[in-house]
Amino acid sequence: MIQSSELILNPDGSVYHLNLKPEHIANDIIFVGDQNRVEKITQFFEKIEFSTQKREFKTQTGFFKGKRMTVMSTGIGPDNIDIVMNELDALVNIDLETRKPKENLTSLNIIRIGTSGSLQANIPVDSFVLSKYAVGLDNMLRSYLIDEISEKNLEEAFIAQTNWDLRKGQPYVISCSETLEQKIESPRFHKGFTGTAGGFYGPQGRVLRLEIQDSELNSKMDAFEFEGTKMTNLEMETAAIYGLGKLLGHNCLSLNAIIANRANGTFSDDPYKAVDELIAYTLQKLSE
């Protein structure tokens, strides 16, 4: 039995941070970072049957073209993903009354929709990136046993080519769900190798008043290449989603609308249009 100190429930029986009960979520779930983006997606639903919010975690479940779906905001960063993924898994794979894992496990389909800047000149603004792989530059996933799910050749190449300082922790590389990749992919998507940073400023090479450990890291990531795979974009969630998804047995995929291109210094004239198109495409594919 899982102790109450390990799986914390609210007085109403919902999981602690997400404030959800098992009946509140669908098997197909869309993640967004910003709570204000939840309704940018659910505005297209024919019906919303459930809505709640606790802290930055806003959840709405309803129907799009007759298909039940959940849209959830995760907030920012791998630490939040640790909360969201573990509590979602508890909702479907742990009996919350007996506090025991279920014999028959459920696999969720989880797609993250976000915005990002491209690191490569050939990935223009207003295009889409499907993250085939993600490299975690944070240490969160190293709290788990990940050797069997990580892409070790890519990890070793990344560490060598960037001259990564292992005092910051060892980067990990995880691939997306092939099932969701095949369901979602289209010619408009660039297959991506996404960097997941543990912070927004220093961890992504931004300098305000503090010097950073490696001032050349961004240019080294831009130049990284291994067997045709290059770094495409940088954000703060995908690698953690992929890693916990694989460990827990869920299908996960991360999609980004590219609204800026760092290589050539361009920014989308209408970033909302690209995001809306990505939302519409993803909803249609999930409903099929």
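The legends below describe close-up views of a predicted model. Local features need pLDDT of at least 70 and side-chain atom pairs pLDDT 80 or more, while totals for chains, interfaces and linings use all residues. Residues are numbered from 1 along each chain as its sequence is written, and side-chain values use heavy atoms, without hydrogens and water.

**View 1. The largest pocket holds about 600 Å³ of space.** A pocket is an open set of points on a 1 Å grid over the protein atoms alone, where a 1.4 Å probe fits, with protein on both sides within 12 Å along at least five of seven lines. Its volume is the space filled by probe spheres set on the points, which are joined across faces, edges and corners. Lining residues have an atom within 4 Å of a point. The largest pocket has 24 of them, and Thr115, Ser116, Phe200, Gln204 and Leu234 lie nearest its centre. Strand 7 (109-118), strand 13 (233-235) and strand 14 (251-261) each supply at least two lining residues. Strand 7 gives the most, with 6. Strands are DSSP runs of E with at least two residues, and helices are runs of H or I with at least four, numbered from the N terminus. By class, the lining has 8 nonpolar, 9 polar and 7 charged residues. Here Ala, Val, Leu, Ile, Met, Phe, Trp, Tyr, Cys and Pro count as nonpolar, Asp, Glu, Lys and Arg as charged, and the others, Gly among them, as polar.

**View 2. The second largest pocket has a volume of about 290 Å³.** It is lined by 16 residues. Glu6, Leu7, Ile8, Asn86 and Glu87 lie nearest its centre. Helix 2 (residues 78-93) gives the most to this lining, with 6 residues. The lining divides into 9 nonpolar, 3 polar and 4 charged residues.

**View 3. Phe200, Tyr201 and Leu208 form a nonpolar surface patch.** Together they have about 350 Å² of accessible area, computed by the Shrake-Rupley method with a 1.4 Å probe, with only the protein chains shown as cover. A nonpolar patch joins side chains of Val, Leu, Ile, Met, Phe, Trp or Tyr within 5 Å, from residues with over 30% relative accessible area and no salt bridge. Phe200 lies in the loop between strand 10 (189-196) and helix 5 (217-223). Phe200 counts as partly exposed because its relative accessibility is 41%; buried means under 20%, exposed over 50%, and partly exposed in between.

**View 4. Lys132 and Glu181 meet in a salt bridge (2.9 Å, N to O).** The pair links distant parts of the chain, with Lys132 in strand 8 and Glu181 in helix 4 (residues 178-184), 49 residues apart. A salt bridge places a side-chain nitrogen of Lys or Arg within 4 Å of a carboxyl oxygen of Asp or Glu. Lys132 is partly exposed at 23%, whereas Glu181 is buried at 5%. Lys132, Glu181, Glu185 and Lys191 are linked in a network of salt bridges. By this rule the count comes to 16 salt bridges.

**View 5. Arg167 and Asp165 pair in a salt bridge (2.6 Å, N to O).** Arg167 is exposed, at 75% relative accessible area. Asp165 counts as buried, at 16%.

**View 6. Asp126 and Glu227 have positive phi values.** Phi is about 75° at Asp126, in the loop between strand 7 and strand 8 (128-136). Phi is near 50° at Glu227, in the loop between strand 11 (225-226) and strand 12 (229-230). Asp126 is partly exposed, at 30%. Glu227 is exposed, at 70%.

Note on methods:
Patch = residues over 30% accessible without salt bridge, like charges linked within 9 Å, V, L, I, M, F, W, Y side chains within 5 Å. Buried < 20%, exposed > 50% of the residue type's maximum accessible area, 1.4 Å probe, protein only.
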